[in-house]
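Work through the exercises below with the model open. Try each task before reading its solution.

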Amino acid sequence: MMWYLVLFVAIPAVGLYLVSRRWGRQLYYRWARFIPLRRVLGGKARPPTPPLLESHHGDDDSLPLSGGAGGSSSITTDYADENAYLLSSSAKEEYDDDRLHTVLSMSTDDYRKATLFASGSFDQDFQIPDLIGQTEILSEEHREKLCAHLPARAEGYSWSLVFSTSLHGFSLNSLYRKMHKLESPILIVIEDTEHNVFGALTSCSLHVSDHFYGTGESLLYKFNPHFKVFHWSGENLYFIKGNPESLAIGAGDGKFGLWLDGDLNQGRSQHCSTYSNEPLAPQEDFVIKTLECWAFV
């Protein structure tokens with residue numbers, strides 16, 4: 001009896017297993033369409049492709065569907081420009097029904113913007129983060145607009161004032177000391193003597209370095225005459241570079257997106273490759289009236 005089991009069960013089972021491991025995929029693709037009830041067992045794999053309907057208007061501005069000249073099947077240029085399909089009513093209903101169950105991917109940043117700013121303002125349940133410290137520059141409108149562009153790891157935290165020229169003096173070295181061992185993105189807010197407000201968001205705290213540092217979370221922004229944000233363009237990695245004499249954010253071809261001198265008195269903003277930005281101030285060179293740095297802690 002045991003020999004019968006080995007001969008007629010075990011050996012064929014092992015053989016079938018080996019064959020399926022070696023040629024199973026090819027055999028499935030070639031012969032699975034003949035398996036009865038395959039569509040019922042497998043379910044609908046994807047929404048049906050909407051069928052094209054032939055149009056025989058004979059207009060001069062119609063586009064042939066086939067490559068041959070004088071083809072009878074064509075669609076008008078109005079529909080062709082919009083990449084639209086001509087659907088029968090029953091096919092359109094089936095196609096629309098399938099689309100209702102299609103899950104669309106959305107990035108974290110897009111989801112945040114869609115949920116918070118779909119109506120042009122914050123949802124009633126969303127509170128603008130509290131400020132820990134007094135600001136001389138930021139209004140509630142400023143904060144509302146900037147919130148849409150914060151990195152995800154900065155969301156939900158209060159904005160804490162870590163440096164202000166009004167409190168700590170006009171010194172870049174003082175700014176570096178205030179951020180020693182601080183682990184947080186930094187929002188730099190500048191108001192010049194012409195009352196223009198602009199600045200940068202850096203992916204980490206500012207410090208002296210022999211080379212550029214930071215990540216693509218960094219950005220530049222300005223409020224005058226209209227609010228604009230300039231994200232990383234991907235052209236280079238010149239995000240931030242600090243030394244005792246100056247601070248540079250964004251660079252390329254000898255120009256800086258935002259440059260500040262060691263006394264935090266003079267500044268410069270030019271188009272740079274890192275952010276493909278417009279100059280942040282109306283004039284390339286500007287004089288700083290007030291500078292504030294905010295951390296998210």
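**Exercise 1. Strand pairing**

In which sense do E5 and strand E6 pair, and over how many bridges?

Solution. Two ground rules come first. The model is predicted, so local features need pLDDT of at least 70 and side-chain atom pairs count only at pLDDT 80 or more, while totals for chains, interfaces and linings use all residues. Residues are numbered from 1 along each chain as its sequence is written, and side-chain values use heavy atoms, with hydrogens and water left out.

Step 1. Locate the strands, which are DSSP E runs of at least two residues, just as helices are H or I runs of at least four, numbered from the N terminus. E5 covers residues 186–192, and E6 covers residues 197–202.

Step 2. Count bridges; two strands pair if DSSP finds at least two between them. E5 and E6 pair in the antiparallel sense over six bridges. Ile188 has Ala200 of E6 as its bridge partner.

Step 3. Check the connection. The two strands form a hairpin with four residues between them. In the turn, His195 has a positive phi of about 70 degrees.

Step 4. Turn to the other partner. E5 pairs with strand E13 (residues 285–296), antiparallel, over seven bridges.

**Exercise 2. Burial of E5**

Determine whether the faces of E5 are buried or exposed.

Solution. Step 1. Apply the cut-offs: buried is under 20% relative accessible area, exposed is over 50%, and partly exposed lies in between (1.4 Å probe, protein chains only).

Step 1. Take one side. Ile186, Ile188, Ile190 and Asp192 are all buried.

Step 2. Take the other. Leu187, Val189 and Glu191 are buried too.

Step 3. Conclude. Seven of the seven residues of E5 are buried, so the strand is largely enclosed by the rest of the structure.

**Exercise 3. The largest nonpolar core**

Which residues of the largest nonpolar core touch the most other members?

Solution. Step 1. Define the core: buried Ala, Val, Leu, Ile, Met, Phe, Trp, Tyr and Cys residues joined through side-chain atoms within 4.5 Å.

Step 1. Of 31 residues, Leu175, Ile190, Leu206, Leu258, Leu260, Leu291 and Cys293 touch the most other members.

Step 2. Find the main contributor. E13 gives the most to this core, with five residues.

Step 3. Look beyond it. Another core, of 18 residues, lies apart and includes Cys147, Leu187, Val229 and Trp294.
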